[in-house]
Amino acid sequence: KSLSIKSSSVDAITQELVVAKRPDCGGVEGQVISLIANHFRVKVETLQPIFHYNVDISPCPSKEVARVLKRKLVEENSTLLSGAYPAFDGRKNLYSPVEFKGHRLEFFVSLPVIPRIKSDVDQKGKVFRININFVAKLEGNGLGKYLSKDGDECVPLPQEYLHALDVVLRENPNEKCFPSGRSLYSTSMGGAKEIGGGAIGLRGFFQSLRPTQQGLALNVDFSVTAFHESIGVIPYLQKRIRALHDLPQRKDRSLTTKERIEVEKELKNIRLFVSHRDTVQRYRFSSLTEEITEKLWFEDRDGRRLKLVEYFKDQYDYEIEYRNLPCIQISRTKPCYLPMELCMICEGQKFLGKLSDDQMARIMKMGSQRPKERREIINGVMNGPVGPTSGNQGEEFKLQISREMTRLNGRILLPPKLKLGDGGFVREVLPSRTDHQWSLLGGHVVEGTRIEKWALISFGGTHAQKSHIPKFITQLCLKCEQLGIFLNKHTCITSQFEPIHALDNVTLLENKLCKIKRASSNNLQLLLCVMEKKHKGYGDLKRIAETRVGVLSQCCLYTNLEKLNSVFLANMALKINAKVGGSTVSLFNPLPSQIPRLLTPDEAIIFMGADVTHPHPLDDSSPSVAAVVGSLNWPSANKYVSRIRSQTHRQEIIENLGEMVSEILTEFHQEVKKFPSRIIFFRDGVSETQYYKVLKEELQSLRAG
C-alpha cells in the first residue's frame, strides 16, 4: 500500500496519514484455493457513540488492584454511572456506551486489608480516591465511512474509536487471564507446564481488532510464553542459581558477595506475597538487607525496638530457619523486611529473563500445533469462558461478533526460477518436486566477492579447540573457492586469542577491535569471531564492531570447528559473501518482466527494510540499535547494503532514519547511476499502539532523507 498526505480540515497545520486503497481487486494468476483465516467478523452499530473518560486513582495502584477497584465502584455506584458497565484498560481510560450523570465524578472506594498484627483487629480497609473526568464523545460514523467501499478514499482511520472497541473486547479476557502485551494467558487452556529454571509455560491467545476490506475483524491466534513459577523464593533461587541448589540442606549458610548480586538480579522487580498470614497484599522486591536476618531489628508503631526473629516467633508462632540469609526489602524509603523463606512468587508474571536452549525447546514444543489443532484451539477460545465473547460487553456496546472464521479464496503461484553462477556461466534453478526447495548445491553464487584483508579473533576455547583454527581457515577458503568466492588464505594479521571474559567488558572489547582495525591499515573487510560458547556479550560484540568500530563481523562456535561439515562451511561462506557485498542468487527473470503492470525496467525502485532491536527486558541502560537495509541494484534487487546506529534506550522511532536513508540512496546512485523513482519500505517491530506515531514521524524522515 502506498501513502499520501492530506491536510486535516480541523487543523491545517496537522497532517494526517491516509492509506491509499489498492488500485484493483488483486491478481488473477495461479490456482484458486479455498482458505480459512483466523479473523472473526465484528459488526458495529456505527450510530452507537462511545463516551471516553479519564480515570485518576490515588494512591496509584497496580493494574490488578485498579481492576478490582473499578469492579467495586461499578457495583456500588450504578445510578451515577447510568447503569452502564464500562470497559477499563487498567490504567487511565474508561469507555462507556452511555453518558454518566456528570462530567466530573469523585468516588472513595475501600478495599479490605488483612491486619499485619493479631491485635490490629479493628484496622480499617485501604481507601482509594477515584476521579472520573469526561474526555470526549467518540462517534462511530467515521469508522463506517472508512470501511465503506464507495466512500471517500481519503477518509482517515478513526484510531481513537477503534482503540475504544479494542479495550471493550479485551475487558472480560483481562478479568480472567494474565495479560502480556497484546496476548492473554490462562491456566484453563491446558494448564501450566514446567519448563525448568523456575519457569512454566502457559498457553494463551493473541487478540487484535483490525479493519479489513470485508469490514472489522477480530484477529485471534494461539500463543505460548513463559511465566515465573509461583513457588517459594527459596525453591525458586534453588532452581535459578546453581550455587544455591542445596539451601535446604545447609540452612545455616550465608551468601557470598557474588551470590548476593545474583540473587538481587534474579529477584529484580518480581512481585511477592507472604505465606505466614492471609492477605491480599502484594509486594515488589526492592533489594536485600545488608544485615543477615539474625541481626535485624526494627521499630514498631510505638517506637519500641524489636528483634525480627523474636517478632515472628511472638506474633506468628514461626521459628525462622534461614537466619544467616538476608531479608527481602520491599520499600526503597523505609525499613520493611520480609524473611526469604516466607515469601512466595506471585503467579501471572511473565518471565523476562533469557530462556535457556532447553527452556526454549519446551516452549516451542508447546506452541507447535498442526493447522487443524490450531484451528480447534482458536475456536475454543472464541466459544470458551475466557475469550473475547465470554462476557456481556458485546451487548453493552451493540457489537455482534461472529463465532466462525472468515472464508476467502487464495491463489497458489508458480515458484520463480532462480539463477546461479556456474564457472562464468548462468544456470537456472527450479524447486525439486520432492521437497519443493531450491537446491543451491553444485553451483556458484551468482556474484562472488573478493576478500583480500580479513582477520580472526578467538574468545575462550581450550588448547585442543584452538588447534582446529588452521584447518578451519583452510577448509573455509576451499569452500569459498568452490562457491565462486575469493577468501585470502592468509589473514592480514596474526590470529588474536582472548579469554571469554573479554566479552564482559565493552570498553576492553572496543579497544581490542580498534587495535585489530588499525593493524590492518584501517582497511579490514571482515572480522571472523570464534567463540567458546554462546555468551551474553555477543550482542555487545556485534554492536561495537558494526556501529562503533566500523567492521563487518561473522561469528561461529568452536563446537562447529571440531567436526567441519560441508553444510556449515557453505552457510558460513554464503553469509560472508552477502555481508561483504556479493549475491547468492538472483531471479532468472527480472522483477519488471514478472510484474509488468506495476514495474518497468526504466523506472528504478529501491527496497528498504528497517527494525529496532531493544535491550533485554531487565537491562535498563543499554542503547537500542536501529538498522536499515536497502537494495543497491535494479532490476535484480539482490544486493543490499546496511546502516546501523545505536540510539536512545528503548526508543522505537528511528532517530537517524533520514541520515541512514540518505547514505543508502547515495550508494544506490553510485551503483545504478540514478536515484530511484520509488521506495518500497518494510518496517518491522512496531506495536499497534505506536503504529501511527512511528508512521508519521518516520515517513517525514524518509522524505527529508
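Modeller: In helix α17, Leu657, Gly658 and Val661 meet Glu698, Ser701 and Leu702 of helix α18, where contact means heavy atoms within 4.5 Å. The residues of this contact divide into 3 nonpolar, 2 polar and 1 charged; here Ala, Val, Leu, Ile, Met, Phe, Trp, Tyr, Cys and Pro count as nonpolar, Asp, Glu, Lys and Arg as charged, and the others, Gly among them, as polar. This is a predicted model, in which local features need pLDDT of at least 70 and side-chain atom pairs count only at pLDDT 80 or more, while totals for chains, interfaces and linings use all residues. Residues are numbered from 1 along each chain as its sequence is written, and side-chain values use heavy atoms, with hydrogens and water left out.

Two packed helices are described by the angle between their axes and the distance between the axes. For α17 (residues 657–672) and α18 (residues 691–704), the axes come within 8 Å and cross at roughly 40 degrees, which makes α17 oblique to α18. Angles under 35 degrees count as roughly parallel, over 145 as roughly antiparallel, 65 to 115 as roughly perpendicular and the rest as oblique; the axes are lines fitted to C-alpha atoms, for helices over the stretch in contact, with angles running from 0 to 180 degrees between N-to-C directions. The crossing of α17 and α18 is right-handed, that is, the near helix is turned clockwise from the far one by less than a right angle. Helices (H or I, at least four residues) and strands (E, at least two) are DSSP runs, numbered from the N terminus.

An open sheet of 4 strands has the order β30-β28-β31-β32 with parallel pairing, two strands being paired if DSSP finds at least two bridges between them. Its edge strands, β30 (496–498) and β32 (553–557), each pair on one side only, and the twist averages 20 degrees from one strand to the next. Within this sheet, β28 (residues 454–459) and β31 (residues 526–531) are joined in the parallel sense over 6 bridges, with Phe459 opposite Met531 in β31.

An antiparallel open sheet is built from 3 strands in the order β17-β20-β21. Strands β17 (287–292) and β21 (337–338) stand at the edges with a single partner strand each, so one side of each is left without a neighbour in the sheet. Between β20 (residues 326–329) and β21 there are 2 bridges, and Gln329 stands opposite Tyr337. Helix α5 (residues 257–267) lies across β17 and β20 at about 145 degrees to β17. A salt bridge also joins Arg260 to Glu290, with the closest N and O atoms 4.0 Å apart; the term asks for a side-chain nitrogen of Lys or Arg within 4 Å of a carboxyl oxygen of Asp or Glu. This pair links distant parts of the chain, Arg260 in α5 and Glu290 in β17, 30 residues apart.
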